[in-house]
Amino acid sequence: MIVPLAHVLILSALIFTMGMFCLLVWRRNIIMMLIGIEIMLNAVILAFVGGAAHWGTADGQVFALFIIAMTSAEVSLALALVVYLHRRKKSVNSDDYSTLQE
Amino acid sequence: MKLYLTLILMFPLLGAILNALVGMRLSRPLSQAIACGSVWASFACSAAAFFALQGTARTELFRWLSAFDLNAPVSLCFDSLSAVICLMVTFVSGMIHLYSTAYMAEDKDYVRFFMLLNLFVFAMLLLLLADSLPLLFLGWEGVGFCSYALIGFWYEDEANATAGRKAFIVTRVGDVAFGVAIFWMFRLFGTVSISEINLMGHLIPVCTVTVLGLLLLGGAIGKSAQMPLMVWLPDAMAGPTPVSALIHAATMVIAGVYLLGRFFPFIGISPVVPAVIACIGTATAFYAATCALAQCDLKRILAYSTMSQIGFMMLGVGSGAITAATFHLLVHAFFKALLFMGAGCVIAAMGHEQDIFKMGGLRRNLPRTFWPFLAGAICLAGLPLTGGFFSKDSILVAVYLKGGPLYSALFALAEFTALLTAIYTFRMVYVVFGGERREVHTVPRFMEITLLPLAMLALFGGIINLPEYLGRPGWLAGLLAPLTGIEGVKPGNGTEVILQIVAGAIALLGLAIAHTRYGGGRWRTGERGLPALECNAFFREGWYFDRLYRFLFIRPYDAVSRFLWAGVDEGVFNNSVDALGNVTGIAGRSLGKWTNGRVSLYLASFVGGAVLLLVYFAWIIIS
Amino acid sequence: MEQVVFYILAAVVLIATLFSITEKHAVHAIIYLATSFFALAVIFYLLNAPLVAVFEVIIYAGAIMVLFLFVIMMLDLGHPEKLLLPGMRDWGPALLLGLVTLGAFVTLVLHQPSLSLNANPVTIRYFAGVMFGKYGVAVEIVSMQLLFALVGALYLGRRK
């Protein structure tokens with residue numbers, strides 16, 4: 001491996017943190033929240049691939065692939081929901097959809 | 001003897017219980033008959049026991065309190081002192097029961113009234129017959145309670161209830177002193193039997209005897225309405241007139257005198273206590289006589305006069321003359337009950353009007369009331385050869401013979417008080433009964449008939465203890481001599497005659513003064529009689545003692561209790577409990593804001609929780 | 001030499017992601033994100049995973065980001081002045097939690113004993129063998145999941 005695993009993991013941690021940061025800062029905007037989730041998932045993919053490269057097995061890469069596939073399915077559904085909600089209230093502000101409150 | 005004693009107590013108690021339980025269901029005559037009959041039966045038993053009496057009789061009825069060292073059985077002591085007083089109490093109570101059947105004829109609460117009267121008689125007899133201190137205290141408290149219940153008999157009127165409360169609370173102050181004395185005596189002597197304690201006075205230092213005696217005196221002045229605990233007696237006239245006659249003239253108020261007389265062998269050991277008793281008695285007598293001069297309410301005059309006469313009795317006890325004090329006690333009971341009952345007739349005739357200046361001319365309207373009333377009045381004033389004359393004079397002789405600067409001063413003050421007594425008594429008679437005829441209601445014949453026996457006893461009661469120069473020693477003195485333990489100094493015959501002449505002259509002087517001021521309707525001229533004495537607020541309000549007590553005791557107590565109620569109880573306890581509840585509510589509501597249905601908040605909470613877990617794992621891994 | 005490239009690409013990823021998350025205009029944010037994905041793909045290639053790199057570019061940067069753009073344009077969300085912008089009460093907890101997380105991760109990573117294995121690179125043949133062999137069922141399930149997503153998206157998106 002060209003760099004120690006620790007460096008890869010630290011990079012992954014940084015990206016994950018930034019993704020979480022985006023999620024928390026933009027938690028009123030549904031679109032930006034989804035983007036934050038994408039960033040976090042990418043960080044995880046990087047960690048898997050780094051692990052696969054370190055131990056020389058293919059399992060990490062297989063799992064990275066699965067994550068990519070699953071993400072695409074999830075994003076399509078999520079955006080379909082966003083379209084649906086927008087049709088109802090003309091807003092992507094997550095605070096407007098609070099009818100489940102106690 | 002034991003049977004007689006038990007029956008003396010049981011009859012009134014049974015009467016009270018019967019009336020309490022089934023009185024409402026019985027017809028009026030029957031329940032009244034039960035009440036009167038039980039008291040007269042008690043009188044019969046007292047008479048029988050008196051005649052069967054030889055020396056002192058002590059019986060024990062049954063075990064009552066006994067635990068560890070304390071042994072207080074229900075034991076009764078029937079000696080000559082309690083015998084004569086029992087006879088007097090049952091007789092006067094019997095007459096008053098009969099009188100009140102007519103007086104309370106229109107009252108629908110008669111069952112409660114007679115039940116309380118019977119209960120009172122029971123408690124009083126228990127007090128008189130008790131040989132152990134707890135039993136005496138039981139009777140003591142019993143009469144206090146019945147007095148409270150009877151003063152506030154017409155409780156729907158707030159003033160009556162307040163008067164009852166005042167009586168109870170003020171006598172309670174004295175009872176605390178009495179209670180302390182009981183506990184202390186038990187601690188010192190290990191026994192609560194009165195006869196035993198009386199014998200043990202020599203075993204303890206004199207200052208202890210002094211303090212114990214003063215504590216007993218404290219209890220006595222509460223019950224007998226002496227200074228400084230006398231403020232309740234004038235207000236106690238809010239009760240029905242038979243109650244005033246029985247309780248506040250003849251029986252309860254003498255309980256204090258009886259207590260001191262009973263304990264005289266004990267407290268006589270200390271030289272201080274009798275002197276204090278005498279001073280208090282004289283001071284009260286003087287105070288009450290000055291106040292009685294300025295009263296406009298008939299019953300209040302009689303209340304103050306009771307206070308004054310009991311002061312005389314205390315003076316007798318304080319001079320060591322138990323016989324004289326008992327003599328005056330008996331005769332006073334007769335004529336004071338008579339005066340109160342007569343006053344009841346007058347008040348009923350005037351349609352429940354009690355202001356003497358609205359009365360007048362009743363001599364012609366109510367002759368059958370006037371003559372017994374006059375008999376009582378001349379006994380009270382101490383006109384020569386009446387029972388009151390002999391009894392009051394025997395006290396004054398005893399005081400004179402005691403000698404010394406203190407007793408001489410007391411003697412002079414007592415003679416002056418006797419003058420004042422005569423003045424206010426005849427003032428009362430002239431204003432109520434003198435003058436022209438007026439319109440009155442009719443008075444039931446029965447009420448006036450019951451006045452007669454008491455009038456006879458008052459007028460001729462002097463024979464029970466005639467002075468020695470007439471030949472034989474007085475009967476009462478002989479009866480009580482073995483008891484008193486301290487023999488009074490026997491007066492020389494000459495001294496006694498001179499003193500009697502002086503006393504008689506004073507009484508006649510008082511009559512003359514009253515005649516010049518009030519006789520013949522002279523008080524009608526001018527406004528309300530003489531403004532110097534009547535309506536003089538200082539004397540009429542009892543030297544403003546009520547106001548003084550209100551300022552010294554009631555207002556601070558009120559302030560403290562208000563603070564403790566509003567400040568501590570409401571402010572601290574209630575409010576803190578409320579605040580606790582509020583805090584819980586607020587906490588709940590604040591936590592409830594966490595579920596506002598918004599994804600933003602949930603997301604932040606979710607991430608926060610995940611971070612916490614992460615940090616925890618990191619922590620574990622590192623350490 | 002490849003180490004230097006790795007670090008440069010790592011820097012690109014970080015800077016692009018940073019711009020992405022602080023950008024108010026959604027479309028600009030997505031473009032930055034696509035840039036970061038490209039750099040990330042090259043990192044994957046450097047880590048002996050060319051297949052993952054390719055798939056990252058095609059599916060992630062190609063399909064998913066484009067889908068985002070479609071939705072944004074369809075819903076006309078490209079006007080940052082109309083949106084609710086994050087204020088201080090959003091930045092505060094985010095910064096706090098983010099820094100704490102970062103601290104935790106870095107501590108965890110650095111706590112491991114560092115071993116460097118020099119393993120053989122993974123060939124695509126070997127990779128396919130593992131995926132369809134050991135994880136064959138997972139492949140089937142993922143494909144079914146894609147079917148479900150398709151059906152779901154169709155259903156949610158239809159007009160009544």
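Predicted model: local features only at pLDDT ≥ 70, side-chain atom pairs only at ≥ 80, totals over all residues.
1. Salt bridges overall. Over all chains, a search of the whole structure gives 14 salt bridges. The points below take up several of them, beginning with chain B.

2. B:Asp109 and B:Arg112. These two residues form a salt bridge in which the closest N and O atoms lie 3.1 Å apart. B:Asp109 has a relative accessible area of 24% and is partly exposed. B:Arg112 is also partly exposed, at 25% relative accessibility. Both values fall in the partly exposed class because buried means under 20% and exposed means over 50%.

3. B:Arg172 and B:Glu141. Here the salt bridge has its closest N and O atoms 3.0 Å apart. The pair links distant parts of the chain, with B:Arg172 in helix H6 (residues 158-189) of chain B and B:Glu141 in helix H5 (residues 133-151) of chain B, 31 residues apart.

4. B:Arg368 and B:Glu448. The side chains of this pair meet in a salt bridge with an N to O distance of 3.0 Å. This pair, too, links distant parts of the chain, 80 residues apart: B:Arg368 belongs to helix H17 (residues 367-381) of chain B, and B:Glu448 to helix H20 (residues 445-449) of chain B. B:Glu448 is buried, with a relative accessible area of 4%, whereas B:Arg368 counts as partly exposed at 44% relative accessibility.

5. A network in chain B. Salt bridges also link B:Lys166, B:Asp235, B:Arg300 and B:Asp546 in a network.

6. Extent of the interface of chain A and chain C. On the side of chain A, 67 residues are in contact with 80 residues of chain C. The two chains bury about 6,900 Å² between them, and 78% of that area is on carbon and sulfur atoms.

7. A:Asp59 forms a salt bridge with C:Lys134, with the closest N and O atoms 2.6 Å apart.

8. Make-up of the side of chain A that touches chain C. Helix H1 (5-25), helix H2 (30-55) and helix H3 (59-89) of chain A each supply at least two residues to this side. H3(A) gives the most, with 23 residues. By class, this side of chain A has 48 nonpolar, 14 polar and five charged residues.

9. A hairpin in chain B. Strand S1 (residues 57-67) and strand S2 (residues 70-78) of chain B pair in the antiparallel sense over eight bridges. B:Ala67 stands opposite B:Leu70 in S2(B). The hairpin has two residues between the strands, and B:Phe68 takes a positive phi near 50°. In a regular strand, side chains alternate between the two faces of the sheet.

Definitions and conventions: Residues numbered from 1 in each chain as written. Chains lettered and ligands numbered in written order. Heavy atoms only, no water. Salt bridge = Lys/Arg side-chain N within 4 Å of Asp/Glu carboxyl O. Buried < 20%, exposed > 50% of the residue type's maximum accessible area, 1.4 Å probe, protein only. Helix = DSSP H or I, 4+ residues; strand = E, 2+ residues; numbered from the N terminus. Contact = heavy atoms within 4.5 Å. Buried area = accessible area lost by both parts, 1.4 Å probe. Nonpolar A, V, L, I, M, F, W, Y, C, P; charged D, E, K, R; others polar. Pairing = 2+ DSSP bridges.
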